[in-house]
Amino acid sequence: MKRINHFLTVLILLGVGTTLWGQNATIRGKVKDRDNLQPLPGANVVIIDMEPFTGTTTNEAGEFVISHLKPGRVSIRVSYVGYQESVISNLQLSNAKEVVLDVNLTEAIISGDVVEIVAQRDKRGTINPMATISSRGFTVEETGRYAGSRNDVARMAMNYAGVTGANDARNDIIVRGNSPLGLLWRLEDVDIHNPNHYGSSTATGGPVCMLNNNLLANSDFMTSAFAAEYGNATAAVFDLKLRSGNDKKHEFLGQIGFNGFEFGAEGPINKETGASYLANVRYSTLEIMDKLGADLGTGTGIPKYKDFTIKVNLPATKLGDFSIFAFGGDSDIKIWDSKADTTKESIDFYGGEGYDLTNGSKLISGGITHSIGLTKNSYLKTTIASSYHNFKTTIDSLSPNYSSRTTTYRNNFNESFITLQSYISSKLSARSQIKGGFRLKQQLFDLTESIWFNEDHALRPTTAFDGNALLAQAYIQWQYRLTDHFTLNNGLHSLYYAYNDTWNIEPRMALKWGINDRLSLSLGYGYHSQLNPITVYFRQTLMHDGTYSQLNKNLDLLKAHHFVLGGDYLIAENTRIKVEGYIQLLSGAGVNGGVSNYYSLLNEGANFGFGFPDTLVATGKGRNIGIELTLEQFLHKGFYYLGTLSLFDSKYKGSDNIERSTAFNTNYVANLLIGKEFILSRKENGTSTHSLAIDIKSTWSGGQRYTPSQIINDPNKPGYFMRKYDNTNAYELQYPDYLRTDFKIVWKWEGKGIRQEFGVDIQNIFNQQNVYSEKFNKKTGKSGYVYQTGILVIPQYRINF
């Protein structure tokens with residue numbers, strides 16, 4: 001409670017309410033052709049079910065403005081002659097922040113003298129029109145609305161079918177039984193480093209994401225058979241977009257929550273050209289609370305981090321459209337057992353007992369994008385980007401009485417890259433669109449790693465690489481729409497890694513058939529490949545002659561065939577049911593090349609640690625098979641729900657060719673999320689002034705897998721104990737099922753030019769004890785469970801002005 005009291009004190013100091021009311025909400029935006037991005041002048045933009053009639057038409061630049069609206073939820077219909085209508089539902093209007101939209105319309109198929117016009121009202125589509133199977137779009141609002149998401153896109157995705165978390169402390173996601181290492185992060189069309197604080201080069205997750213949800217535009221998440229433009233991934237893709245800043249009005253944001261203290265600003269640089277800026281900075285909440293003297297309950301380790309994100313949009317210059325983006329962060333933590341409370345008699349299962357660990361990471365990434373029209377129906381988009389990532393860890397072992405320490409582990413991984421990428425998109429006709437391009441990534445490495453070896457009585461360098469490597473990718477994809485209800489996407493992707501001369505050619509195909517306005521069927525296939533984690537290639541082994549050799553340099557790519565069949569039925573105007581079945585066949589997985597055993601790289605990626613044999617060969621196999629069910633009501637009249645059920649089986653074979661469950665084979669996961677928004681009070685003219693939003697989410701999944709073991713006397717340390725694993729039965733056992741319920745409530749106040757929110761997110765509200773792992777005391781031989789996060793109360797305050 002002391003922690004919460006400190007937090008509430010800060011909120012009271014900052015959260016001074018306002019009672020100024022007004023009717024000054026605004027919707028602005030641009031309407032363009034989806035395929036060639038040309039503006040559509042004269043398009044109709046109408047607010048649905050509003051009296052009196054409210055609407056407008058776009059100007060010559062495709063721009064529209066609707067002002068003097070009441071705060072609250074509205075839906076708009078956008079139409080243009082010869083194009084399919086688009087309905088955008090449940091826009092949240094505010095006096096403090098304008099709604100700025102980019103609306104892309106699809107040209108209708110003309111058959112004889114008849115033009116088929118189909119209203120796209122539901123949320124079943126994606127931002128990328130080439131993504132038609134095992135994919136869904138999501139809004140930035142969803143990342144903040146869902147209980148337990150912590151304003152994090154990865155945690156939000158855990159509500160979707162086929163997705164589960166690795167553990168409560170991190171946002172690594174397991175998709176259809178695959179390792180989290182198979183996830184691709186993409187921002188502004190650029191493949192990026194792991195964008196999480198404390199994120200290593202051999203992981204895709206971490207405790208806190210640097211990408212601030214307040215700055216994201218609507219984006220896509222894909223889980224199988226990706227379109228041809230996506231490469232170097234075998235499990236899933238986050239294709240994230242940064243929104244542009246408001247180009248007509250300066251706006252500001254302040255927020256205090258679990259993820260940090262943050263401040264944001266956006267506004268016009270040049271109102272005539274539409275140039276704008278967007279910027280946000282954030283500082284660790286826990287570090288500030290620690291400085292205020294609060295007991296954070298995190299033991300000896302206080303997470304310290306800060307990050308920033310910026311975007312500058314420069315449209316309509318003489319040379320075309322330009323945008324500049326950058327984000328980065330710095331994080332460190334010290335978990336020192338030598339600083340722990342030695343008066344405690346109980347065993348500390350969370351700290352590294354007998355060890356002092358220091359960990360830190362740095363990331364800065366950015367790029368410049370240029371777009372220019374080549375013809376009326378085609379455009380060229382080119383990006384130059386660069387990124388630097390550092391991950392550093394030190395571990396020291398402590399003597400029994402903690403009087404001395406021995407250096408046990410050191411690593412300092414520096415990885416940079418420079419990317420040049422370009423594509424041409426051309427609309428051949430109303431039926432046909434083609435897109436082709438390339439990505440060249442020059443990787444620069446400075447990697448050092450040392451581990452204590454008893455036989456050496458010293459640290460042995462296991463990684464020492466200073467060099468570079470080129471990753472080249474190219475693709476072409478074609479979309480053909482036989483009718484407005486029948487779409488075929490075909491593509492080809494190629495990948496080449498110059499460091500070890502490995503390559504792959506990957507066909508992709510997806511078909512979507514809308515049998516009628518409610519029912520659609522989808523079929524997809526994708527062949528995918530991915531590089532192994534960088535430490536695998538550059539790990540060096542001490543040979544008998546005293547030299548070091550990189551035994552895994554020539555390890556081949558991991559490959560996967562994805563087969564997907566799905567159906568989507570719109571039960572009612574705002575309710576749908578979706579069923580999707582899949583088979584994934586993996587090959588080329590790294591397994592032990594020295595001895596025949598259970599090991600496979602397919603089981604890595606969910607923890608901070610990452611260990612593998614000295615010699616790997618790409619002969620391992622795996623398969624994932626499953627079926628997923630989604631029942632969803634999109635937000636309508638303040639009510640929404642999302643229920644998902646996933647049944648799957650994830651298996652692999654090591655070098656011993658015995659089929660076993662993977663470490664991620666929990667077999668099933670079910671989610672149910674329900675939310676409701678209430679208007680508490682209105683002014684006489686109908687303007688909403690006070691509202692309340694409630695969201696509750698429950699998750700039930702199979703328990704984490706683990707390997708049987710027994711505790712024995714340590715032959716190398718008399719008086720100590722060690723754990724001996726039965727690796728012939730690796731991942732055979734499971735901990736008890738995982739059960740967790742989260743609850744979130746948010747109060748909102750709307751005034752003239754200002755909007756405030758105060759909310760509380762209570763995670764694991766029933767304090768369910770979910771087993772994470774089992775640890776033991778090396779000195780006593782006693783063992784016990786390590787449990788995941790108990791009940792966690794997270795207050796949050798936000799102000800827009």
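Predicted model: local features only at pLDDT ≥ 70, side-chain atom pairs only at ≥ 80, totals over all residues.
Colleague: How much of the protein chain do buried residues make up?

Modeller: Of the 801 residues in the protein chain, 55% are buried.

Colleague: And how many helices and strands are there?

Modeller: The protein chain has 49 strands and five helices.

Colleague: How does the radius of gyration compare with that of a compact globule?

Modeller: The two agree, because a compact globule with 801 residues would have a radius of gyration near 28 Å and the protein chain has 27 Å. The C-alpha trace spans about 85 × 60 × 50 Å along its principal axes.

Colleague: What share of the contacts comes from residues 24 or more positions apart?

Modeller: Counting contacts with a separation of 6 or more, residues 24 or more positions apart account for 65% of them.

Colleague: What about the surface and the charges?

Modeller: The accessible surface of the protein chain is about 33600 Å², and carbon and sulfur atoms contribute 58% of that area. There are 79 positive and 77 negative side chains, with the centres of the two sets 2 Å apart.

Colleague: Changing topic, how many aromatic pairs does the structure hold?

Modeller: The structure holds 25 aromatic pairs. One of them is Y80 with Y83, an edge-to-face pair with 5.4 Å centre to centre and 65° between the planes.

Colleague: Are Y80 and Y83 buried or partly exposed?

Modeller: Y80 counts as partly exposed because its relative accessibility is 25%. Y83 has a relative accessible area of 10%, so Y83 is buried.

Colleague: What geometry does the pair of Y146 and Y640 have?

Modeller: Y146 and Y640 form a tilted pair, with 6.4 Å centre to centre and 35° between the planes.

Colleague: Which parts does that pair tie together?

Modeller: Y146 lies in the loop between helix 2 (140-145) and helix 3 (153-157), whereas Y640 lies in strand 37 (residues 639-653), so the pair ties together parts that are 494 residues apart in sequence.

Colleague: Which residues do ring pairs link into a cluster?

Modeller: The cluster linked by ring pairs consists of F445, F465, Y497, Y499, Y537 and F538.

Colleague: Where is V536, and is V536 buried or exposed?

Modeller: V536 is in helix 5 (residues 534-538). V536 counts as buried because its relative accessibility is 0%.

Colleague: Let us turn to some individual threonines. Where does T204 lie?

Modeller: T204 is in the loop between strand 15 (196-197) and strand 16 (208-209). T204 counts as buried because its relative accessibility is 9%.

Colleague: What is T204 in contact with?

Modeller: Beyond its neighbours within four places in sequence, T204 is in contact with D172, P180, L181, L183, W185, N194 and N196.

Colleague: And T57, buried or partly exposed?

Modeller: T57 counts as partly exposed because its relative accessibility is 43%. T57 is found in strand 3 (residues 55-57). Not counting residues up to four places away in sequence, T57 touches G42, A43, N44, E63 and F64.

Colleague: What sets D714 apart from the surface, in terms of relative accessible area?

Modeller: D714 has a relative accessible area of 15%, so D714 is buried. D714 lies in the loop between strand 42 (709-713) and strand 43 (721-725). Leaving out residues up to four places away in sequence, D714 touches Y720, F721 and M722.

Colleague: One last topic, the backbone. What is phi of N90, and what of D501?

Modeller: N90 has a phi near 60°, which is a positive value in a residue other than glycine. D501 likewise has a positive phi near 60°. Most residues other than glycine have a negative phi.

Colleague: Where do N90 and D501 lie?

Modeller: N90 is in strand 6 (residues 86-93), and D501 is in the loop between strand 29 (486-497) and strand 30 (502-514). N90 is buried because its relative accessible area is 17%.

Key:
Residues numbered from 1 in each chain as written. Heavy atoms only, no water. Helix = DSSP H or I, 4+ residues; strand = E, 2+ residues; numbered from the N terminus. Buried < 20%, exposed > 50% of the residue type's maximum accessible area, 1.4 Å probe, protein only. Contact = heavy atoms within 4.5 Å. Rg over C-alpha atoms; globule rule 2.2 N^0.38 Å. Areas by Shrake-Rupley, 256 points an atom, 1.4 Å probe, with all protein chains shown as cover. Lys, Arg positive; Asp, Glu negative; His and termini not counted. Charge placed at Lys NZ, Arg CZ, Asp CG, Glu CD. Phe/Tyr/Trp six-rings, centres within 6.5 Å; stacked < 30°, edge-to-face > 60°.
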